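Colleague: I would like to learn how to read a few features of a protein model. Could we take them one at a time?

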Amino acid sequence: MTATDDESGGAPPAGFTLDAANRMLGEFNSRMGLRLVEIGPERIVGTIPVDGNRQPYGLLHGGANAAMAEALGSIGSALHAGPDRVAMGVELSCTHHRAARTGHLTGVCTPLHVGNTLCTWETVVTDEQGRRICTARLTCIIRDAPPGGLELVRPRPDTTP
């Protein structure tokens with residue numbers, strides 16, 4: 001994880017750890033098995049398992065690629081926005097290049113544009129052999145946080161059998 005003493009402007013707040021970030025991913029991201037492995041102002045990296053994210057034909061569901069890209073780009077936008085602003089996705093596009101049936105996928109998310117009100121991020125998803133599975137682009141809008149801020153939703157315990 002990349003960290004600096006700066007509390008805004010793209011760097012994680014001082015004392016912020018990768019462990020803490022993984023605990024704050026929210027219900028959906030936790031359920032799909034997203035794990036963050038690197039967070040910084042120029043690069044956010046995460047992994048997901050193919051297992052548990054397949055569609056009925058046994059292939060990775062394209063929505064898993066999209067969800068990972070949205071999560072990683074949103075994290076980058078939120079870091080850029082700082083503690084008094086919020087980032088919300090407004091556009092997501094994905095090109096699925098090849099299928100995945102097993103293993104883990106890695107998403108590497110980098111900024112294409114980081115502005116005062118809009119941020120656009122590209123996520124390249126690869127398999128364990130380094131083959132490109134998906135290329136996605138997410139644009140987030142940045143706004144002032146509502147009065148009182150936003151409450152983070154913690155993941156629920158896994159209830160699947």
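Modeller: Start with exposure: a residue is buried under 20% relative accessible area, exposed over 50%, and partly exposed in between. Keep in mind that this is a predicted model.

Colleague: Is His 80 buried, partly exposed or exposed?

Modeller: His 80 has a relative accessible area of 24%, so His 80 is partly exposed. His 80 belongs to helix H3, which covers residues 62-81. In space, the C-alpha of His 80 is 9.1 Å from that of Ile 142, although 62 residues separate the two in sequence.

Colleague: How many residues of H3 are buried?

Modeller: Of the 20 residues in H3, 14 are buried, so the helix is mostly covered.

Colleague: What span should H3 have?

Modeller: The expected span is 1.5 Å times one less than the number of residues. For the 20 residues of H3 that gives 28 Å, and the end C-alpha atoms are 28 Å apart, which agrees. Just after H3 comes Gly 82, with a positive phi of about 90°.

Colleague: Now the cysteines. How many disulfides are there?

Modeller: A disulfide needs two cysteine sulfur atoms within 2.5 Å. By that rule the count is 0.

Colleague: Are Cys 94 and Cys 119 buried or partly exposed?

Modeller: Cys 94 is partly exposed, at 27% relative accessible area. Cys 119 is buried, because its relative accessibility is 0%.

Terms used:
Residues numbered from 1 in each chain as written. Predicted model: local features only at pLDDT ≥ 70, side-chain atom pairs only at ≥ 80, totals over all residues. Heavy atoms only, no water. Buried < 20%, exposed > 50% of the residue type's maximum accessible area, 1.4 Å probe, protein only. Helix = DSSP H or I, 4+ residues; strand = E, 2+ residues; numbered from the N terminus.
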